[in-house]
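Here are my notes on the model you sent.

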Amino acid sequence: MNHPLIAQVLPASDRRTARQTFWMGAITAVQLLGGLAQLTLSARILGPEGFGVLAIIIAVAMLIHGLLATPGGETVTTFITRAVVEERPREASRILRFTMAVSLGLSLIAYAVIAVLVLMAGSLLGIDDAHRDSALMYGVVGIFLATRTETLAVLRLSDRVSLGLVIILAGVLVRVTLLGIVWVKEGGLFEVVLAHIAGVVVSGAGMLVAATASAPRAGITGFLNSLSLKVPPDVVRFQTGVFGRSTFSALAYNVDTLLVAQFAGTADVGLYRAARQITDAGHHPFQPLKDGVQLQYSRQWYSGQGAALRRTSLLFSLASFASAVALFGLLAIFHQPIAWFLLGEEFSGVAPLLLIMIVGAFALNSIAALTVLPTAVGRVWPLLAAEMGGLVVFVALIVWLVPLHGAQGAAWANTTYYSAIALILVPFIISILRQSRVTTSGEGRRHRGKQ
């Protein structure tokens, strides 16, 4: 990524963004391929009914962790960047300790809640006695994933994302290899859950060690030398907003599975969740672009480089739009053979669901590079409003359509959810870009840093 020709064409900031985007893209490719392999193996091991049960177990665990946990990756990226730019390394260390402590502590509380729910009300959630051990085991996944966004953010800040790629690849290989063994040995749900856990343990623990070792390179000195969690008030406000947004996001990502289970059957759950996993895989290629450009947005905003921020947003928004057209266009054309190849003949009902859900996935990812702009400049409330509005529409449509149309009704609700998020975000994005024209003075930088 440091070729002399590239150095002549692109300024250093864009080269850094391109390099981070490349490595994040490699991580996303590994996660995407691993996720598809996991989907293929799990579907063949369990069949539609068993896959529906697994989907319910995952939804319960991820919903509780999502409701209680607070991912701190965006807080780390935005406010540690500010602290480093303004030469406050101790504050940077306290911010990292604060976000990690909150994430890990809340994940432990979440597991306790999962255990109580599974043991006391498992049948109401769709988890019968035969599958309660599997549900209790799967709940620990959230603990090992608790600090994943913070650790990856540190590797991005230290420009060592390539190390994260190696660790995540190791976790994916462990998970897929174990699932392959379960398939050959004709194992069941409990063995599939153990394979998931093993992969997460490898990647979660590895990323934590790598981030701790890389923190000084990111300007985060003394991370292990103190226990202080004192952070500026705006960091707490931002993290509170992230908590609210992640709560709505967790509801939207998991409540649909539980509602479909209530209004339809486990076979419909299996078909819908399989379709959603394929379209969700289509979101992954845009994550490295968002991660790479978000860090650059923060640096340009807090340095008062309004013109550079607008140029970066234009360049990468064009890239995200073109990528969305290509990716989801191909998925629309080949949705039937893709569903058959990944899932087998038992999941033939997935193909029409894919065609519906592609619309919403395209609507959101066509502006993917701009969706991270609010958090990059320290404003989490626009994303909170978008998630809240999208969730209200989502749940209302599921309750209305699923009893009438089953999995297909859920697919229409899903595509409307993503479209609503995109529509709500656009005015906030335009407002930030307009504000970037107001001033590039030091006074303006200080003012924006206090927002």
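**Notes on the predicted model**

1. Helix packing. Helix α14 (residues 335-343) and helix α15 (residues 350-365) have axes that come within 9 Å and cross at roughly 125°. That angle makes α14 oblique to α15. The cut-off matters here: over 145 degrees would count as roughly antiparallel, and 65 to 115 as roughly perpendicular. The crossing of α14 past α15 is right-handed. Two packed helices are described by the angle between their axes and the distance between the axes. Please keep in mind throughout that this is a predicted model.

2. Salt bridges, overall. How many salt bridges does a search of the whole structure find? The count is 5. Side chains of opposite charge can pair when their charged atoms come close. The next points take some of these pairs in turn.

3. D234 and R82. These two side chains form a salt bridge, with an N to O distance of 2.5 Å. D234 belongs to helix α10 and R82 to helix α3 (residues 73-85), so the pair ties together parts that are 152 residues apart in sequence.

4. R88 and E91. Their side chains also meet in a salt bridge, at 2.8 Å from N to O. R88 has 29% relative accessibility and so counts as partly exposed. E91 has 9% and so counts as buried.

5. R276 and D280. Here the N to O distance of the salt bridge is 3.3 Å. Both residues sit in helix α11 (residues 266-283). Because they are 4 residues apart in that helix, about one helical turn separates them. R276 and D280 are both buried. The pair is part of a network: salt bridges with shared partners join D256, R273, R276 and D280.

6. Positive phi in two loops. Most residues other than glycine have a negative phi. D159 has a phi near 60°, a positive value, and is not a glycine. D159 is placed in the loop between α7 (148-157) and α8 (161-184). Its relative accessible area is 28%, so D159 is partly exposed. E186 is another non-glycine residue with a positive phi, of about 60°. E186 lies in the loop between α8 and α9. With a relative accessible area of 71%, E186 is exposed.

7. A nonpolar surface patch. Which residues form the nonpolar patch on the surface? They are V116, L119 and M120. Together they have about 350 Å² of accessible area. M120 lies in helix α4 (residues 89-125). M120 is exposed, because its relative accessible area is 71% and the cut-off for exposed is over 50%.

8. L224. Where does L224 lie? L224 is in the loop between α9 (189-214) and α10 (233-263). L224 has 65% relative accessibility and therefore counts as exposed. L224 and L173 are 51 residues apart along the chain, and their C-alpha atoms are separated by 31 Å.

9. Q239. This residue is placed in helix α10, the helix that also holds D234. Q239 is buried, because its relative accessible area is 4%. From Q239 to L157 the C-alpha separation is 19 Å. Along the chain these two residues are 82 residues apart.

10. A170. The residue is found in helix α8. At 30% relative accessibility, A170 counts as partly exposed. A170 and G206 are 36 residues apart in sequence. In space, their C-alpha atoms are 9.3 Å apart.

Note on methods
Residues numbered from 1 in each chain as written. Predicted model: local features only at pLDDT ≥ 70, side-chain atom pairs only at ≥ 80, totals over all residues. Heavy atoms only, no water. Patch = residues over 30% accessible without salt bridge, like charges linked within 9 Å, V, L, I, M, F, W, Y side chains within 5 Å. Areas by Shrake-Rupley, 256 points an atom, 1.4 Å probe, with all protein chains shown as cover. Salt bridge = Lys/Arg side-chain N within 4 Å of Asp/Glu carboxyl O. Buried < 20%, exposed > 50% of the residue type's maximum accessible area, 1.4 Å probe, protein only. Axes fitted to C-alpha atoms, helices over the stretch in contact; angles between N-to-C directions. Parallel < 35°, antiparallel > 145°, perpendicular 65-115°, else oblique. Left-handed = near helix turned anticlockwise from the far one by under 90°.
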